[in-house]
Amino acid sequence: TYVLENIRLKTRQKITGENMTKTVLKCKDNSLNNSIITLGENNGIYNIVSNLSINGNKNNQTVDIDGIMLNNTSDSHHYLQMLQIYDCTGNGIYAYGQKELRIENCVVRGCKKHGIFLNASSDDSITDTTVYSCLLNGFRITAGMNRIENCKAFSNGRVTETANNTPYQNRYAGFYDSRGNNYSN
């Protein structure tokens with residue numbers, strides 16, 4: 001287990017653990033960074049994160065911290081594989097303006113926001129990934145041309161005794177897709 005505040009990858013960098021349960025990157029108590037891992041620093045491309053866990057340490061944080069944040073508007077070609085991301089005060093994975101992002105064989109759970117949030121990101125693929133027990137949406141996708149295959153989401157969304165009286169735009173679910181993407185299995 002490695003306790004840290006933030007790792008920033010620029011271009012063609014790789015973080016690989018032994019496997020998704022033995023290698024853990026844990027967010028330092030009271031971190032002020034907005035993510036544990038940031039990909040695409042200065043429009044960096046072709047980064048890989050694989051075979052490890054990311055523990056957001058949400059009980060010891062005071063600000064929203066995403067597990068992985070990707071923030072650029074280029075064809076980034078980042079690759080996330082065999083990851084377990086959990087207990088983040090923000091989103092498990094937050095991608096803004098990404099293209100050609102690949103997420104494969106990941107588990108995201110127990111985050112205070114969305115499990116996976118593809119915001120204005122298109123031409124991405126998510127396969128064999130499970131999201132559960134996140135406070136908002138399991139998967140939130142706000143752009144088109146993404147491929148989601150063999151994914152599942154359960155026990156996500158704010159559930160209250162007044163949920164039936166909540167306006168549609170304020171409800172949360174396993175999958176929230178405002179643009180119509182390609183789903184299979």
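1. A salt bridge here is a side-chain nitrogen of Lys or Arg within 4 Å of a carboxyl oxygen of Asp or Glu. By that rule the count comes to five. The model is predicted, so local features need pLDDT of at least 70 and side-chain atom pairs count only at pLDDT 80 or more, while totals for chains, interfaces and linings use all residues. Residues are numbered from 1 along each chain as its sequence is written, and side-chain values use heavy atoms, with hydrogens and water left out.

2. Begin with the sheet. Strands (E, at least two residues) and helices (H or I, at least four) are DSSP runs, numbered from the N terminus. Two strands pair if DSSP finds at least two bridges between them. Seven strands form an open sheet in the order E2-E5-E7-E9-E12-E15-E18, and the pairing is parallel. E2 and E18 (175-177) are the edge strands, each pairing on one side only. Neighbouring strands of this sheet are turned by 10 degrees against each other on average, direction ignored. Axes for that angle are lines fitted to C-alpha atoms (for helices, over the stretch in contact), and angles run from 0 to 180 degrees between N-to-C directions. As background, strands of a sheet pair through backbone hydrogen bonds, either parallel or antiparallel.

3. E7 and E9 pair in the parallel sense over four bridges. Leu-70 has Ala-95 as its bridge partner in E9. Strand E9 (residues 93-96) also pairs with E12, again parallel and over four bridges. E12 and strand E15 (residues 139-141) run parallel and are joined by three bridges. Leu-118 has Ile-141 as its bridge partner in E15.

4. Which faces of strand E12 are covered? Both are. Ile-116 and Leu-118 on one side are buried, and so are Phe-117 and Asn-119 on the other. Buried means under 20% relative accessible area, exposed over 50%, and partly exposed in between (1.4 Å probe, protein chains only). The strand spans residues 116-119.

5. Now the charged pairs. Side chains of opposite charge can pair when their charged atoms come close. Lys-28 and Glu-5 meet in a salt bridge at 3.6 Å, N to O. Lys-28 lies in the loop between strand E4 (24-27) and strand E5 (35-39), and Glu-5 in the loop between strand E1 (2-4) and strand E2 (7-9), so the pair ties together parts that are 23 residues apart in sequence. Lys-28 is partly exposed at 38% relative accessible area. Glu-5 is partly exposed too, at 31%.

6. Asp-64 forms a salt bridge with Lys-113, the closest N and O atoms being 3.0 Å apart. Asp-64 sits in the loop between strand E6 (48-55) and strand E7 (66-71), and Lys-113 in the loop between strand E11 (107-109) and E12, so this pair ties together parts that are 49 residues apart in sequence. Asp-64 is partly exposed, with a relative accessible area of 43%. Lys-113 is partly exposed, at 30%.

7. Glu-18 and Lys-22 also meet through their side chains in a salt bridge, at 3.7 Å, N to O. Glu-18 is exposed at 59% relative accessible area. Lys-22 counts as exposed at 55%.

8. Gln-61 deserves a look. Its place is in the loop between E6 and E7. Is Gln-61 buried or exposed? Gln-61 is buried, with a relative accessible area of 10%. A polar contact is a pair of N or O atoms within 3.5 Å; within protein, one must be able to donate a hydrogen and the other to accept it, and residues adjacent in sequence count only if both atoms are side-chain atoms. The Gln-61 side chain reaches the backbone oxygen of Lys-28 at 2.8 Å. Contact means heavy atoms within 4.5 Å. Not counting residues up to four places away in sequence, Gln-61 touches residues including Cys-27, Asp-29, Ser-31, Gly-56 and Thr-89.

9. Two further sites. Val-3, in strand E1, is exposed at 60% relative accessibility. Val-3 touches Lys-26 and Lys-28, not counting residues up to four places away in sequence. Leu-136 is in the loop between strand E14 (130-132) and E15, and is buried at 10%. Leu-136 and His-114 are 22 residues apart in sequence but 5.0 Å apart in space, C-alpha to C-alpha.
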